[in-house]
Amino acid sequence: MNDPMNKIKQLGVDADLERIAEKALHQERISIEEGVSLYEKAALGFLGILADEIRIRRHGKKTYFNRNFHVEPTNICLYTCSFCSYSRLIKQRTDGWEYTEEEILDIIKSYDNKPVTEVHIVGGVLPKYDVDFYSSLFKKIKNHRPQLHIKALTPVEYHYIFKKAKISYQEGMEKMLEAGLDSMPGGGAEIFDEEIRKEIAGGKCSSDQWLDIHRIWHKLGKRSNATMLYGHIETFAHRVDHMDRLRNLQDETGGFQTFIPLKFRNKDNMMSHVEEVSCIEDLRNYAIGRIFMDNFDHIKAYWPMIGRDTAQLSLQFGVDDIDGTIDDTTKIYTMAGSEEQTPALSTRELVGLIEQVGKAPIERDTLYNVVQNYEGYEWGEEELRGYIPLPTTN
Ligand code: V47
Ligand code: SF4
């Protein structure tokens, strides 16, 4: 009765979906066409059964999070991505910020007494933030706090700064490694389909360039993440094509850790007329990501973007990671209209969120080494201060 295939049969789905379910449950890779069929025909209940089964096989109830903060050096950008609510065009510098190296280091130092393991650095693209700027910054961060993992910049910035410095991607990524870069976040991927990318991504690096820079980084023995911006003008086929290109690179290098679907939010940007997709579509998308991306260990729901409630629900639909404490240090989603206007959760709150839906919270570092297993953890007074426990479901 508890056999997932029995559950699927009871749903009475068509032969096509039943065959896809058989394949996924037998750990056979599903094709591009089958991925599109899932998007076109599969209901949330069907996808939930499959994605949850795959998640449980890989991770059981384990749900990962980390303690991190973001630094966004600038929100001024010379690109003009039409989905971006964050960038202030160079010509209209009214409410923009541009931190100096010293100001960024001051932000880093303000975390000196806090048990964070990762700094996530990403922002707009400006000529003054060049190879020398970032090399010097990474070196100084490492000098100051060697154990702090630097997850920084995306192929969007790297392509721009290497081109400006007239150095190859290979040379550039080696330089970044030497300066102290530990890993690359998944941003800037958007949607790889060239036509859609041309419409929404404001002239930044191409899909092949994005993939090339990750390939080079992986071949240096390092890890990165991958995102997909969905729910705007792309079709289901574009989403599957995007995931397929990532799955192929992962076959080649094995360097991706986490796939992070990012829901398009429509406040205050050039695509505000495009309606946002529903939370049912968010959950379907996570589940299809889990089923299709058979060579990715982790699927992440980024809670500042979808909100805490959908993040909790997503744990039943293939997601095993909900990112970090954040400490209200990112503006990307706040400015795009997320319901999380001051994204910050204490460790106790994140753990509570995960426990409330019957999952097992594990604090990880950026590379998924376990920092703390919270099962039976005894909270200190300091950690509980200001925390109101949430009721658990089991
Ligand atoms: O590339 C920008 C997205 C990304 C909007 O690797 C938007 O752990 C929705 O990549 N609506 C940057 N999305 C953020 C990112 C990320 C976030 C968290 C964790 C990690 C990781 C990576 O944000 C951009 C773009 O796809 N974005 N504007 C918007 N209006
Ligand atoms: Fe610039 Fe990034 Fe915004 Fe595009 S998404 S305009 S590259 S800050």
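## Ligand shells and helix pairs: worked exercises

Around ligand 2 sit Cys-77, Tyr-79, Cys-81, Phe-83, Cys-84, Ser-87, Gly-124 and Lys-204, where a residue counts as near if one of its heavy atoms lies within 4 Å of the molecule. Keep in mind that this is a predicted model, in which local features need pLDDT of at least 70 and side-chain atom pairs count only at pLDDT 80 or more, while totals for chains, interfaces and linings use all residues. Residues are numbered from 1 along each chain as its sequence is written, chains are lettered from A and ligands numbered from 1 in the order in which they are written, and side-chain values use heavy atoms, with hydrogens and water left out.

**Exercise 1.** Sort the shell around ligand 2 by residue class.

*Solution.* Start with the classes: Ala, Val, Leu, Ile, Met, Phe, Trp, Tyr, Cys and Pro are nonpolar, Asp, Glu, Lys and Arg are charged, and the others, Gly among them, are polar. Then sort: the shell of ligand 2 splits into 5 nonpolar, 2 polar and 1 charged.

**Exercise 2.** Describe the surroundings of ligand 1, then find its polar contacts with Gly-186, Gly-188 and Lys-300.

*Solution.* First, the shell: 24 residues surround ligand 1, and the closest are Phe-83, Lys-151, Gly-188, Glu-190 and Lys-300. By class that shell has 10 nonpolar, 8 polar and 6 charged residues.

Next, look for polar contacts (pairs of N or O atoms within 3.5 Å). A polar backbone atom of Gly-186 is 2.8 Å from an oxygen atom of ligand 1. For Gly-188, a backbone N or O atom lies 2.8 Å from a ligand 1 oxygen. With Lys-300, the side chain supplies the N or O atom, again 2.8 Å from an oxygen of ligand 1.

Finally, check the cover: on its own, ligand 1 has 620 Å² of accessible area (Shrake-Rupley method, 1.4 Å probe), and the protein covers 95% of it.

**Exercise 3.** Work out how α6 and α8 are oriented, and what joins them.

*Solution.* Helices here are DSSP runs (H or I, at least four residues), numbered from the N terminus. The axes, lines fitted to C-alpha atoms over the stretch in contact, come within 8 Å for α6 (131-144) and α8 (169-179), crossing at roughly 25°. Angles run from 0 to 180 degrees between N-to-C directions, and those under 35 degrees count as roughly parallel, so α6 and α8 are roughly parallel to each other.

Now the contact (heavy atoms within 4.5 Å): α6 brings Val-131, Ser-135, Phe-138, Lys-139 and Lys-142, and α8 brings Lys-175, Met-176 and Ala-179.

Terms used:
Polar contact = N/O pair within 3.5 Å; in protein donor to acceptor, adjacent residues only side chain to side chain. Helix = DSSP H or I, 4+ residues; strand = E, 2+ residues; numbered from the N terminus. Parallel < 35°, antiparallel > 145°, perpendicular 65-115°, else oblique.
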